[in-house]
Amino acid sequence: MNYLSEMLKLPVVDVAGEKLGVVNDLGIATGEVFPHVTSLAFQGPGKTPFMISWRKYVDHIDETGVYLKAVSTDVRFSYLQPDEVLLARDILNKQIVDTQGMKVVRVNDIKLSATGDNQLRLLGAEVGARGLLRSLHPACERIVTTLAKCIGRPLKEEIVAWSYMDLLDRSTRDIKLSVSHKTLDELHPADIADIIEQLDPRLRAQVFNQLDTAQAAEAIGEIDDDDLAAEVLEGMSDRDASSMLALMDPDDAAALIEELDYEKAEKLLRLMGVKEEKAIRTLLGYEEDTAGRIMTSEFVALPATATVADAIEAIRALDEDFESIYYVYTLDPAGALTGVLSLRALIVAEADARLSDLSYRDVVWVAPDLDQEDVADEMTKYNLAAIPVCDDARHILGIVTVDDALDVIAEEHEEDLQIAGVGATEGGSGEPVHVFGWFAHRQYWLLVWAVASGIVASVLGALGGAPELFIYPMCVMPVVLLAANRAVAFVKNYYLEYSEPEDGGKPYLGFFVQTAFVGLVLGAVIYLCGQLVIGAAYPDGAAASVIDELLSVCFACAALVAFLSCATSVVYLAILFWRDEHDRNTSGNALSVTAMLVACALYSAASVAATLAVVA
């Protein structure tokens with residue numbers, strides 16, 4: 001017995017052989033490298049929950065049950081302690097962060113290890129396919145793993161050790177984890193940003209609650225999707241959001257503020273310090289996608305008459321969160337750009353050397369209204385880590401750093417790929433998705449259609465109808481599947497909007513009225529369009545009346561099922577709310593496939609019956 005899924009529902013038997021109930025959970029103490037099981041939770045008669053100490057009462061466990069070393073009358077019940085969590089309730093089927101692999105995964109099963117004293121210790125979470133199959137039934141895992149091994153592709157376990165797990169669910173966010181635990185705040189900001197992009201929207205705020213303001217500012221600056229970053233910002237309090245923006249690089253903060261609505265942006269800017277607000281407003285004054293918009297106002301410029309010692313002292317005096325320093329620029333008495341020095345040139349020079357004697361005079365600079373792609377090209381051409389942005393009098397307004405140039409290059413490259421039709425990305429993550437992966441993830445309705453076509457043809461043939469007649473109902477089925485998919489989209493949007501209703505109520509009635517009306521309109525449009533198609537294809541009775549009537553009936557069935565898909569989508573909304581209340585996450589794709597299969601089954605049954613009736 002190495003997995004939690006194998007232990008759940010096992011009978012709990014006392015030393016006298018009396019059955020006390022069935023196992024429904026195990027409790028662990030979290031403050032250990034490999035936490036040991038401390039509590040046994042089981043369900044007694046009448047589904048009454050009980051909890052007892054594992055070490056004190058459990059004698060041994062095997063495939064037949066959990067056996068206690070005391071009679072039922074001597075068992076004393078206990079309660080979950082502050083440093084304990086329940087594996088099935090708090091971890092199983094939940095999203096966690098694998099802080100070693102820097103990714104978000106779902107716990108499909110939990111692996112345990114028995115010790116010599118009949119105790120159990122938690123090894124880690126199974127996040128792969130084997131855990132998912134095992135949760136369905138152990139036989140499923142055995143069959144699939146055997147088949148995979150036969151074809152030379154063994155299905156391996158994917159275990160995330162406890163020391164690399166970070167719990168995200170709201171019911172466990174206050175729990176102290178392992179003493180050796182590597183948590184989110186120890187990761188690189190770019191890794192935290194990647195994790196945030198993978199999370200469900202409800203869990204993103206909980207990630208930021210684990211970070212201090214400076215870490216949150218660095219992480220949100222690494223998020224590639226500006227809309228997603230703005231969404232995270234919207235979920236924070238105004239003061240926290242303003243403090244975080246003030247700590248960000250001015251160009252990143254300006255890009256983020258631009259995504260907010262005007263009132264929100266103005267409120268956050270007014271809450272900032274005068275210096276930070278001025279820097280951001282200056283950048284927002286330039287046109288989008290220009291050098292002025294992506295430059296930062298943080299740079300080091302000194303009079304050409306200054307010495308190397310002056311330059312080094314100026315660099316030492318900078319704040320820790322100052323934009324990366326690549327060069328020191330020299331200015332004439334009027335403040336115009338005259339030269340540039342690299343940090344290497346400063347380090348190897350004598351302390352009393354004049355900057356004017358060491359600087360490179362032929363400085364490359366760009367105007368603030370130059371297109372950002374041209375700026376990146378200039379930096380690439382001259383191998384620059386930063387390039388100054390100057391006005392007509394060569395006064396430095398800011399600099400564009402290499403990280404911003406790389407972002408521009410990546411953005412332009414992605415746009416070029418999308419124009420060419422080969423750069424599909426998944427979920428706005430910027431990672432390319434193979435065309436077959438995109439097809440399987442987004443166009444699965446075609447697979448449902450193909451399978452249903454074969455089934456309908458077989459059924460028609462078995463019932464005595466001409467199998468070729470399946471062509472007519474199957475030509476109409478796509479509108480049914482797309483209508484079902486659209487109904488699920490309504491459900492997901494409505495759920496996200498009302499996932500936490502202020503009054504505690506659920507908007508079922510309002511949702512039903514809206515979707516029923518939409519379904520009624522959609523059904524009417526489908527039927528009327530069908531009549532137009534039939535009238536155009538078979539004018540003046542040019543075709544056999546059977547085909548004319550068959551198509552008309554198929555469109556009528558499609559209209560009815562489309563209406564039912566929309567009107568009954570309130571059931572899916574209720575399921576989402578119920579699963580949310582029980583801390584269970586639901587896949588949007590699984591919901592869409594379920595709705596399509598239900599609509600497909602209804603339409604197939606109706607169209608087969610109608611076809612047989614028409615040709616009879």
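Reader: With which handedness does α8 pass α10?

Author: This is a predicted model, in which local features need pLDDT of at least 70, side-chain atom pairs count only at pLDDT 80 or more, and totals for chains, interfaces and linings use all residues. Residues are numbered from 1 along each chain as its sequence is written, and side-chain values use heavy atoms, with hydrogens and water left out. Helices are DSSP runs of H or I with at least four residues, strands are runs of E with at least two, and both are numbered from the N terminus. A crossing is right-handed if the near helix is turned clockwise from the far one by less than a right angle, and left-handed if anticlockwise; α8 passes α10 in a crossing that is right-handed.

Reader: At roughly what angle do the axes of α8 and α10 cross?

Author: Axes are lines fitted to C-alpha atoms, for helices over the stretch in contact, and angles run from 0 to 180 degrees between N-to-C directions. The axes of α8 (residues 213–221) and α10 (residues 238–247) come within 8 Å, and the crossing angle is roughly 70°.

Reader: Which residues of α10 make the contact with α8?

Author: Contact means heavy atoms within 4.5 Å. On α8 the contact is made by T213, A214, A216, A217 and I220, and on α10 by S243, M244 and L247.

Reader: Is Y327 buried or exposed?

Author: Buried means under 20% relative accessible area, exposed over 50%, and partly exposed in between, with a 1.4 Å probe and protein chains only. Y327 is found in strand β15 (residues 327–331). Leaving aside neighbours within four places in sequence, Y327 is in contact with V300, V340, L341, S342, N383, L384, A385 and A386. Its relative accessibility is 17%, so Y327 counts as buried.

Reader: What is the relative accessible area of N383?

Author: N383 is found in the loop between α18 (372–382) and β17 (386–390). Although N383 is not a glycine, its phi is positive, at about 55°. N383 is exposed, with a relative accessible area of 68%.
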